[in-house]
Amino acid sequence: MIDELLYFLELFFGGLTRGSIYALIALGYTLVYGIIELINFAHGEIYMIGAFTALIVAGVLGIYGFPAVAILVIASLAAVIWAAAYGFTVEKVAYKPLRGASRLSPLISAIGMSIFLQNYVILAQTSDFVPFPQLLPDLPFLEHIGYIMGPSDFIILVTSTLTMVSLTLFIRYSRMGKAMRATAQNRTMALLLGIDANKVISLTFIIGSGLAAIGGVLIASHMGQVNFAIGFLAGLKAFTAAVLGGIGSVPGAMVGGIVLGLCESFTTGYFSGDYEDVLAFGMLVLILIFRPDGILGKAKVQKV
Amino acid sequence: MLELRDVDTYYGTIQALRNVSLSIGDGEIVTLIGANGAGKSTTLMTICGILHPRHGEVLLDGEPIHTLPPNAIVRRGISQVPEGRLIFPDMTVQENLDLGAFLRTDEAGIRQDMEYVFSLFPILAERRRQTGGTLSGGEQQMLAISRALMGRPRILLLDEPSLGLAPIIISQIFEIIRKVNENGVTVFLVEQNANQALRIAHRGYVMENGRIVMEDSADKLLSSPQVRRAYLGM
């Protein structure tokens, strides 16, 4: 009985950990979709590039003998900044010139960007799995519950929660946050109030990419290895999470990520790990059929 | 103060404005009347920089502004209350008003203008924590006007503020427009409701199929047989 409960808790916290990473990435999809109604399929690659950046920076700092905590902080910051720069550039290069084109064009461009970035990383780095250094510190106070929640789970949960709370506060109360919401609700009106839509769009890509990079660093430290393809599956899963929560809705992406993470974790734990991906994409199909607006999304009335 | 000179505006290959010239003097209320699809909203969107004319010029105090982006035009003191009000439905009344002052940094002035719009429309003060989408049509129109005023414009452009509102609300809105004008704001009012518009305006233009076909003082237009037949239903 107690064993079963412990097992349940382990799966639960494992699901939360996984789900909060999905949520961090899903936010990037949903923010961008909210503003320009584009599914940014290159988003998963930004997450991967975030992880690679942290790996490289951590490697260099390790050689110079920096303490572990300093490496973690500097490598994460570098990953966020570098990934944000990538996100910003991807928008300028691949999407901005297509604004005003049919909706299919930027979508194709996004898929192209995704393939390009993967291959770019293969050429610039490697196509093999590379070990990721153990950056996350050991937390002695978790020793007696280590069975259900390890230190990396704990750090992932705390970091992603803090990140999502700050994002929510930013969107709710800051001047640019309000501008983002205004642009999402009605672009023309936002322009008429003097909001620079280009700035808002760039900012959205920067924020989304930064969040994905945080997710990338966390999960890479958790898993202990990265390669060029990790962004692809994680991106698709996070996209599923965003649709599950209601694409365009910020709390929806958070809820969708957590729900997907928990479902996957319980399926793996009680049935078989083989069905993990089947479950995720099966869920995507079912949502699209039965509740295309997602858990927290609002039905959009098609204007004639 | 604001002048359009031979403006042609297109949507793709479709020409919406043909050779439109009009001028709005400092302190005036000028109205542009015309039927649905005549090009009235296009005129306003061209002034605000959402659309750019293919030929012709838009001049503010003699300076061309038609190549500027919308934010530069708002900064020069032109605010629009667009057709359909375009309230941000998921944001509170307060947030809608905050966004009206998006480009301003003079905290004291913003607070002062907030009090001013609440004095014009006390109902908005009561509803400041409600989301825009929960307001009635009339309240939304009041909010849209207030939001534009929060930009402290020199020129206020209004696109069909009477659309879909009850007669009593319409008179109230037009009364406020007159009051705002008396407080020194130049008003350019686009309306299908020619009767109401010409009653508060100093001058008016009549638009048909993207062209200005008449221009005169509001009194003369009100008594013109052509206008009476086509727009006043008499």
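In this predicted model, strand 1 (residues 2-11) of chain B and strand 4 (residues 55-60) of chain B pair in the antiparallel sense, and five bridges join them. One of the pairs is formed by B:Leu4, whose bridge partner in strand 4 of chain B is B:Val58.

These two strands belong to an open sheet of four strands in chain B, ordered 2-1-4-5 and with antiparallel pairing. The edges of the sheet are formed by strand 2 (14-24) and strand 5 (63-64) of chain B, each of which pairs on one side only. Helix 1 (residues 40-47) of chain B packs on the sheet and touches strand 1, strand 2 and strand 4 of chain B. The direction of helix 1 makes about 70° with that of strand 2 of chain B.

| Helix pair | Angle | Distance between axes |
|---|---|---|
| Helix 6 and helix 8 of chain A | about 105° | 10 Å |
| Helix 9 and helix 10 of chain A | about 120° | 7 Å |

Given an angle of about 105°, helix 6 of chain A and helix 8 of chain A are therefore roughly perpendicular to each other. Helix 6 of chain A contributes A:Met176, A:Ala179, A:Met180 and A:Thr183 to this contact, while helix 8 of chain A contributes A:Ala197, A:Val200, A:Leu203 and A:Thr204. By class, the residues of the contact of helix 6 with helix 8 of chain A are six nonpolar and two polar, with no charged residue.

For helix 9 (residues 230-245) and helix 10 (residues 250-270) of chain A, the angle is about 120°, and the two helices are therefore oblique to each other. Their crossing is right-handed. On the side of helix 9 of chain A, the residues in contact include A:Lys237, A:Ala241 and A:Leu244; on the side of helix 10 of chain A, they include A:Gly252, A:Met254, A:Gly256, A:Gly257 and A:Leu260. The residues of the contact of helix 9 with helix 10 of chain A comprise nine nonpolar, five polar and one charged.

The two chains also meet, in a contact that takes 14 residues from chain A and 19 residues from chain B. On the side of chain A that touches chain B, helix 6 (175-185) and helix 7 (187-192) of chain A each supply at least two residues. Helix 6 of chain A gives the largest share of that side, five residues. Seven nonpolar, four polar and three charged residues make up the side of chain A that touches chain B.

Note on methods. Residues numbered from 1 in each chain as written. Chains lettered and ligands numbered in written order. Predicted model: local features only at pLDDT ≥ 70, side-chain atom pairs only at ≥ 80, totals over all residues. Contact = placed C-beta atoms within 7 Å. Nonpolar A, V, L, I, M, F, W, Y, C, P; charged D, E, K, R; others polar. Axes fitted to C-alpha atoms, helices over the stretch in contact; angles between N-to-C directions. Parallel < 35°, antiparallel > 145°, perpendicular 65-115°, else oblique. Pairing = 2+ DSSP bridges. Left-handed = near helix turned anticlockwise from the far one by under 90°.
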